[in-house]
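This briefing covers one structure, shown below.

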Amino acid sequence: MIEVVPNWHPIWVHFPIALLSMATAFFLLGFVLPDRAGERVTSAARWNLGLGALLLIPTLATGYLAYNSVAHDGAGHAAMQRHMTAAWVVAALVAVAVLVAWLDRFRARGAGVILTIALLLTTVAVGVTAYLGAENVYRHGLGVERLPEGVQGEGSGSSDTSDSGRSDGSGPDGSAQDSAQDDSEDTAPEGHGGHDHAH
């Protein structure tokens, strides 16, 4: 298998975000456009919804694998739990939307009230989940292998970004940091590979 650093989840996650959001937009646009144009847009909306639901499966699967393999601390674990909970809410809403869309498949243009509500809730939930996922990386550093040299001191307001003045004790190549991460992975609780805290 091709090695992806740190996991496959970031590759899959963009597809359901885009497809599910466009499905909502196309269904709403089907109300506005007249006759044949509205029918075509509604058909495109159904395809986007179906493909988004299908690609949500590998997105959830790879996300769960990342949850159980990415090195993190206590705060990072809580952040990942929030992200995972939001993702399951998205999955439930998408399941409802797909079911209602199937029952409403003979509608020529747009969507019924129940489907419209389900799609709008799904879009909001997708946005929240995406935000929490970005927070995992950019706020908690989950899945980040290394930082560019000189960046580490900027977050703490330190003006000393030289290799000799780094507060984490790592050398120019970050060897100490890598060693600490390796040690945490070696001592992780059983079934929680990569975690550096006790559950």
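V144 is partly exposed, with a relative accessible area of 33%; buried means under 20% relative accessible area, exposed over 50%, and partly exposed in between, with a 1.4 Å probe and protein chains only. The model is predicted, so local features need pLDDT of at least 70 and side-chain atom pairs count only at pLDDT 80 or more, while totals for chains, interfaces and linings use all residues. Residues are numbered from 1 along each chain as its sequence is written, and side-chain values use heavy atoms, with hydrogens and water left out.

**Single residues**

- V144 sits in the loop between α5 and α6 (152-155); helices (H or I, at least four residues) and strands (E, at least two) are DSSP runs, numbered from the N terminus.
- Between the C-alpha atoms of V144 and A71 the distance is 9.2 Å, and the two are 73 residues apart in sequence.
- T24 belongs to helix α2 and is buried, with a relative accessible area of 6%.
- T24 and A118 are 94 residues apart along the chain, with their C-alpha atoms separated by 9.3 Å.

**Helix packing**

- Helix α4 (residues 74-103) and helix α5 (residues 113-138) have axes that come within 8 Å and cross at roughly 160°; axes are lines fitted to C-alpha atoms, for helices over the stretch in contact, and angles run from 0 to 180 degrees between N-to-C directions.
- α4 and α5 are therefore roughly antiparallel to each other (angles under 35 degrees count as roughly parallel, over 145 as roughly antiparallel, 65 to 115 as roughly perpendicular and the rest as oblique).
- The α4 and α5 crossing is left-handed, meaning that the near helix is turned anticlockwise from the far one by less than a right angle; clockwise would be right-handed.
- The contact of α4 with α5 has 20 nonpolar, 5 polar and 2 charged residues; Ala, Val, Leu, Ile, Met, Phe, Trp, Tyr, Cys and Pro count as nonpolar, Asp, Glu, Lys and Arg as charged, and the others, Gly among them, as polar.
- The axes of α2 and α5 come within 10 Å and cross at roughly 150°, so α2 and α5 are roughly antiparallel, and their crossing is left-handed.

**Largest pocket**

- The volume of the largest pocket is about 820 Å³.
- Its lining has 35 residues, of which H9, V13, H83, G133 and N136 are the closest to the centre.
- A pocket is an open set of points on a 1 Å grid over the protein atoms alone, where a 1.4 Å probe fits, with protein on both sides within 12 Å along at least five of seven lines; lining residues have an atom within 4 Å of a point.
- α5 gives the most to the lining, with 8 residues.
- By class, the lining has 25 nonpolar, 10 polar and no charged residues.

Key: Grid points are joined across faces, edges and corners, and a volume is the space filled by probe spheres set on the points.
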